[in-house]
Amino acid sequence: MTHPARLTIGVIGAGRVGAVLGAALARAGHHVHAVYAVSDESRDRAEALLPGVPVKDIHGVIDGADLVLLAVPDDALAELVAGLAATDTWQAGQIVVHTSGRYGTDILRPALSAHILPVAIHPAMTFTGTALDLGRLEDCAFGVTGPDALRPMAEALVVEMGGEPVWVAENQRAAYHAALAHGSNHLVTLIAEAMEVLSAAGVDEPRAVLGPLARAALDNALRLGDAALTGPVARGDVSTVGTHLRELERISPEIRSTYVALARATAVRALESGRLQPSAAEPLLDTLADQEPTS
């Protein structure tokens, strides 16, 4: 893979993602010439991860940059791009990279009249905003979207940061992001709820009990997919599931609602994959349907 020439980079947004990716690009030999940071926390982060890089206003960051990294919240991205286009801030030939998982390059369309080169590069990783994240970028997948002509350059940038490029079509960007949010954000909720129930059951160290099981389950799921399903739902054990639901109603009706939704989804997947026989699935799904939350 051809590596890009050394670039002068401006970073807009010294949040957890922007500062870390800026540091990763600097580590790869690129020159980060300026960063835009508003809050005291962002300025401290920029100082820690991008030492010696001056903090400038947005125009100062863009001026003279070969590549502009837009690491701003999703809801702020469209307005920022359009506003800079309206003020003729973009410079012809600049590579403009945003880090949003939700969007592809269509959101950069207002800047195309300035002849910028649009790319979306999203790291599929949760960030702390510290130097620890630089090590976590190793083998991290980055969702890359852009014109075919820019694909080698975009993928080379990802490799230089230590990541693994994964090409995502423009019209599949929302689905890509939904999958990541579902698999990571909702996993946090699931684990937190399970630890809450363990605490209610009198377990002093819920994480010590759940940790090995959850790590093994995640590893099995990533390796085996639906074939990793175990437990009472996959076995069609209606009595056990009913007992779970009664206990969860006592402890937390909200957590029971999560259990019901996931048990239904698990039963359907187990049925479709052949792990659960239709004769066992029917009474199980009936039990879950009958166990609606009380008003």
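**Entry 1: a histidine and a tyrosine.** I started with the side chains of His-122 and Tyr-176, which make a polar contact of 2.7 Å. By polar contact I mean a pair of N or O atoms within 3.5 Å; within protein, one must be able to donate a hydrogen and the other to accept it, and residues adjacent in sequence count only if both atoms are side-chain atoms.

Ground rules for myself: this is a predicted model, where local features need pLDDT of at least 70, side-chain atom pairs count only at pLDDT 80 or more, and totals for chains, interfaces and linings use all residues. Residues are numbered from 1 along each chain as its sequence is written, and side-chain values use heavy atoms, with hydrogens and water left out.

Not counting residues up to four places away in sequence, His-122 touches Gly-101, Phe-142, Arg-173 and Leu-180, among others; contact means heavy atoms within 4.5 Å.

**Entry 2: the strand around it.** His-122 sits in strand E5, residues 117–123. Helices (H or I, at least four residues) and strands (E, at least two) are DSSP runs, numbered from the N terminus. Six of the seven residues of E5 are buried.

I looked up the pairing next; two strands pair if DSSP finds at least two bridges between them. E4 (residues 95–98) runs parallel to E5, with four bridges, and Val-97 has Val-119 as its bridge partner.

Entry 3: H7 covers residues 173–200, and its 28 residues should span 40 Å at 1.5 Å a residue; the end C-alpha atoms are 40 Å apart, so the two agree. The expected span is 1.5 Å times one less than the number of residues.

H7 bends by about 30° at Leu-187, the bend being the angle between axes fitted to the seven residues ending there and the seven starting there. Its buried residues are Arg-173, Tyr-176 and Glu-193, and their cover includes E5, E6 and helix H11 (253–272). Gly-202 follows H7 with a positive phi near 90°.

**Entry 4: cores.** I use nonpolar core for a set of buried Ala, Val, Leu, Ile, Met, Phe, Trp, Tyr and Cys residues joined through side-chain atoms within 4.5 Å. The largest has 35 residues, and Leu-67, Val-119, Leu-137 and Phe-142 have the most contacts inside it. Helix H1 (residues 16–27) gives this core its largest share, six residues. A separate core has 21 residues, including Ala-34, Ile-62, Tyr-103 and Leu-108.

I also checked H1 itself: Val-20, Leu-21 and Leu-25 are among its buried residues. Just after H1, Gly-29 has a positive phi of about 110°.

**Entry 5: another histidine.** I ended on His-244, in helix H10 (residues 238–251). His-244 is partly exposed, at 30% relative accessible area. Setting aside neighbours within four places in sequence, His-244 is in contact with Pro-232 and Tyr-259.

Definitions and conventions
Buried means under 20% relative accessible area, exposed over 50%, partly exposed in between (1.4 Å probe, protein chains only).
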